[in-house]
Amino acid sequence: MSVPHALQSSVAVGVVGSTGGPDDGVLRLASIHDIWRLAGADWATRSPALIAAALALLEGVPRVVVAPTLSALPSDIALCAIVDPLPPDARDALRAPRGGRVLIDVGDDVSPGEVLAAHRRGVRFVIGTAHFLVPGTPHGVVVGGAALALPLVFGRPMLGPRVDFIPQPVAPEMLGVGALVLLTYASRRWSPRVVLPVLERGRADAAPEPVPSEPDARLGDALLELSERVMRPSAEDPRGIAAFEREARRMLAWEIQSGAITSFTIAVEPIGEALAIEVVLTVPRREDPIYIRLVKTDDPAQPR
C-alpha cells in the first residue's frame, strides 16, 4: 500500500550504524541472504544496524544501504534510520537531506524541546520498542523505534508477525512536539500489528491492511501453507523444493489469469540451515514491484 506521506523517491532506504565487522564500510542489500553473504553468520549478535536492515527487507523494502555515517549514504536516499546511540551534540547537528527524513530513537536524555527542534530539521524521534524474530536465530532481539518505523514511513501499511510490540508508557510532555509514537492495530484478520498513527499514514480513513490490488499478505500466507505441505526446511530436500516451486508457479499463474497480478518471479535459496523463499510480483496500475519474503527453518518456534 502506498500512502501520501511515503518517501519513495528512491527504492532504497538507509540505516546508519556499525556493522560490527573489521571492514565497517557501506553495504548494499537487496535481500536478507545478502546479509549472511556479506556480513557473516554472526551478524545478528553484533550489529543493530544489520538487524534494522533485515527487518526492513523482510517487511518489503526493496533495498537497504547500511553505512557507518549519514554522509556515507548515497545522495538519492531520502529516508534513513540511525540505530546506534548518539551523544547530544551529534543529535543537535543532525539535519535531514532536503525533502528527506531521518529517524532516531528517543533516549532517556532527550527533552521535548530537542524533539521539537529536530522535527523542524527533518529529524523524527521515534517512541516504540518491539521484539523482532530474526530468521535463522533461536531468539528474538529487541529493536528500537527508528528501526521499526523505517519500513512504515517508507510506505508499508503495517509490520508483520515477526515483530512483537512491547507496550510502554509515553511521557505526556512528549506528545504534540513531533515525536513519532508507534501504535498497534488489530482486526479480525490479524493479531495486533505495529503501525504509524493515523495522521502519519496520510489519510485519517485509511485502514492499514493490504488492499485487494496488493495481494502480498494473502499470497504470502498461501505460499507458507504450501511450503509446509510439500517441503522440509532444508536445502537437502531437492524433491520437496522442486514440488514447491512447481505448485507455487501454478498458483501464481492462476493469479495472473484472474487479473490479480501481471507477472512474477520466484526463487528458493539456502541461508545457513534455513531456506529463503522470495517472490517478486507486479500488479495492475502500479509501477514498483511487490516483494514477498519467507524464511523456512527447522525450528518450529521460528517465524516463517
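A search of the whole structure finds one aromatic pair, where rings of Phe, Tyr and Trp (its six-membered ring) pair if their centres lie within 6.5 Å. Select Trp36 and Trp43: their ring centres are 5.3 Å apart and their planes stand at 90°, so the pair is edge-to-face (planes over 60 degrees apart; under 30 is stacked, the rest tilted).

A note before moving on: this is a predicted model, in which local features need pLDDT of at least 70, side-chain atom pairs count only at pLDDT 80 or more, and totals for chains, interfaces and linings use all residues. Residues are numbered from 1 along each chain as its sequence is written, and side-chain values use heavy atoms, leaving out hydrogens and water.

Now colour by accessibility. Trp36 is buried at 17% relative accessibility, and Trp43 is buried at 1%; buried means under 20% relative accessible area, with a 1.4 Å probe and protein chains only.

Show side chains here: Ile32, Ile35 and Ala39 in α1 meet Leu50, Ala53, Ala54, Leu57 and Leu58 in α3, with contact meaning heavy atoms within 4.5 Å. By class, this contact has eight nonpolar, no polar and no charged residues.

Finally, zoom out: of the protein's 304 residues, 53% count as buried.

Key: Buried means under 20% relative accessible area, exposed over 50%, partly exposed in between (1.4 Å probe, protein chains only). Helices (H or I, at least four residues) and strands (E, at least two) are DSSP runs, numbered from the N terminus. Ala, Val, Leu, Ile, Met, Phe, Trp, Tyr, Cys and Pro count as nonpolar, Asp, Glu, Lys and Arg as charged, and the others, Gly among them, as polar.
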